[in-house]
Amino acid sequence: MSRKGKVLVAMSGGIDSTVTALMLHHEGYEVIGITMKTWDYASAGSSKKETGCCNLDSFNDARAAAVHHGFPHFILDIREEFGDFVIENFVDEYLAGRTPNPCVMCNTHIKWRALLKRANALDCDYIATGHYAKVRLYDNDRYVISKGKDATKDQSYVLWGLDQELLSRTIMPLGIYHKTEIRQMAHDMGYPELAKKSESYEICFVPDNDYRGFLKRKVEGLEDKVAGGNFVNKEGKILGKHKGYPFYTIGQRKGLEIAMGRPVFVTQIIPESNTVVLGDAEDLDESSMRVIKLNMGKYDTITPGMEAIGKIRYKDSGSLCNMYPENEGLRVHFYENVKGIAPGQSAVFYEGDDVIAGGIIQKSRI
């Protein structure tokens with residue numbers, strides 16, 4: 001019986017999750033490794049080899065590490081539930097003129113729930129992942145996610161949807177380290193090749209980063225249905241034809257294939273009329289937004305006017321704002337304009353390094 005408890009570790013075969021498992025093993029936890037198969041590219045019609053977390057080499061790497069260190073390892077096939085929720089949501093959001101964040105949806109609704117279910121079946125006290133973030137119990141008896149020590153790797157933004165039940169069982173040991181330290185640990189643990197392994201930043205089910213091609217393969221006849229819509233300016237003047245509103249995102253500048261004599265950006269997408277609005281960089285400036293599907297973090301309520309740092313995308317440094325509860329969502333006002341608020345993306349609100357709450361951007365300009 002382990003002195004620290006039994007932990008189910010999500011192992012992708014990559015450096016972060018492998019070091020997580022070995023670190024906890026060496027600390028005295030009873031470790032069980034589990035690798036989740038979320039996707040196979042053959043079903044998407046992609047010709048590219050499987051990469052990232054869903055290929056056979058990664059499965060074998062994870063299993064080999066577990067066997068070498070004497071703890072059990074399982075492979076869990078969650079392709080059906082992943083596809084039903086994450087991919088359907090991904091397609092539906094683009095068809096609604098929004099820009100989804102599938103990693104948030106997967107973490108919130110699929111991966112952690114699948115881990116917890118299997119952890120319960122195996123009598124595990126905890127689940128652990130290789131995310132660069134921290135979890136702790138705050139003074140008010142709520143569990144809170146906070147930013148990882150390595151600001152360049154911090155993943156707290158994509159974890160806002162984890163509820164209190166999930167957080168109470170979660171360990172994220174990498175949150176107190178820099179990535180360079182983890183690479184050194186992998187080397188010292190006897191995995192020099194893993195220490196040099198490159199990372200994939202692609203969406204796991206869009207291996208070529210071509211989400212437009214993915215939509216075309218998933219929705220029969222999509223190109224024909226949406227082709228020939230209008231590019232317009234903010235006054236509504238027609239500027240030209242586009243290839244279909246789902247194939248554009250807020251803030252997009254490249255690939256518009258329209259000559260305007262100056263850089264122009266997608267500032268609005270109107271699916272009802274298959275219209276894409278173009279404008280200048282300053283037309284992307286917004287000072288407010290509405291956020292729905294809230295999940296509370298550090299506090300169980302938000303007081304009207306509560307101040308926070310709001311992030312509207314993963315690489316966003318964040319901007320000072322006030323939050324106002326409204327119809328089970330939030331009305332958010334920024335102190336200064338922010339660029340490119342995209343409906344469908346996540347908005348995450350911080351107090352210092354701690355996540356106060358997160359949700360989905362419903363609209364800007366309220």
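This is a predicted model: local features need pLDDT of at least 70, side-chain atom pairs count only at pLDDT 80 or more; totals for chains, interfaces and linings use all residues.

Residues are numbered from 1 along each chain as its sequence is written, and side-chain values use heavy atoms, with hydrogens and water left out.

Q: What makes the contact of D354 with R136 a salt bridge?
A: The term asks for a side-chain nitrogen of Lys or Arg within 4 Å of a carboxyl oxygen of Asp or Glu; the closest N and O atoms of D354 and R136 are 2.9 Å apart, and the pair therefore qualifies. The two residues belong to distant parts of the chain, D354 to strand β17 (residues 354–364) and R136 to strand β5 (residues 133–137), 218 residues apart; strands here are DSSP runs of E with at least two residues, numbered from the N terminus. R136 and D354 are also linked with K298 and E351 in a network of salt bridges.

Q: Why is D354 called buried?
A: Buried means under 20% relative accessible area, exposed over 50%, and partly exposed in between, with a 1.4 Å probe and protein chains only. D354 has 8% relative accessibility and so counts as buried, whereas R136, with 33%, is partly exposed.

Q: Why does the salt bridge of D280 and R262 tie together separate parts of the sequence?
A: The side chains meet at 2.7 Å, N to O. D280 lies in the loop between β11 and β12 (285–296) and R262 in the loop between β9 (238–241) and β10, so the pair joins parts that are 18 residues apart in sequence. D280, at 22% relative accessibility, counts as partly exposed, and R262 is likewise partly exposed, at 44%.

Q: Why does the radius of gyration of the chain agree with a compact globule?
A: The radius is taken over C-alpha atoms, and the globule rule is 2.2 Å times the number of residues to the power 0.38. For 366 residues a compact globule would have a radius near 21 Å, and the chain has 22 Å, which agrees.

Note on methods:
Helices (H or I, at least four residues) and strands (E, at least two) are DSSP runs, numbered from the N terminus.
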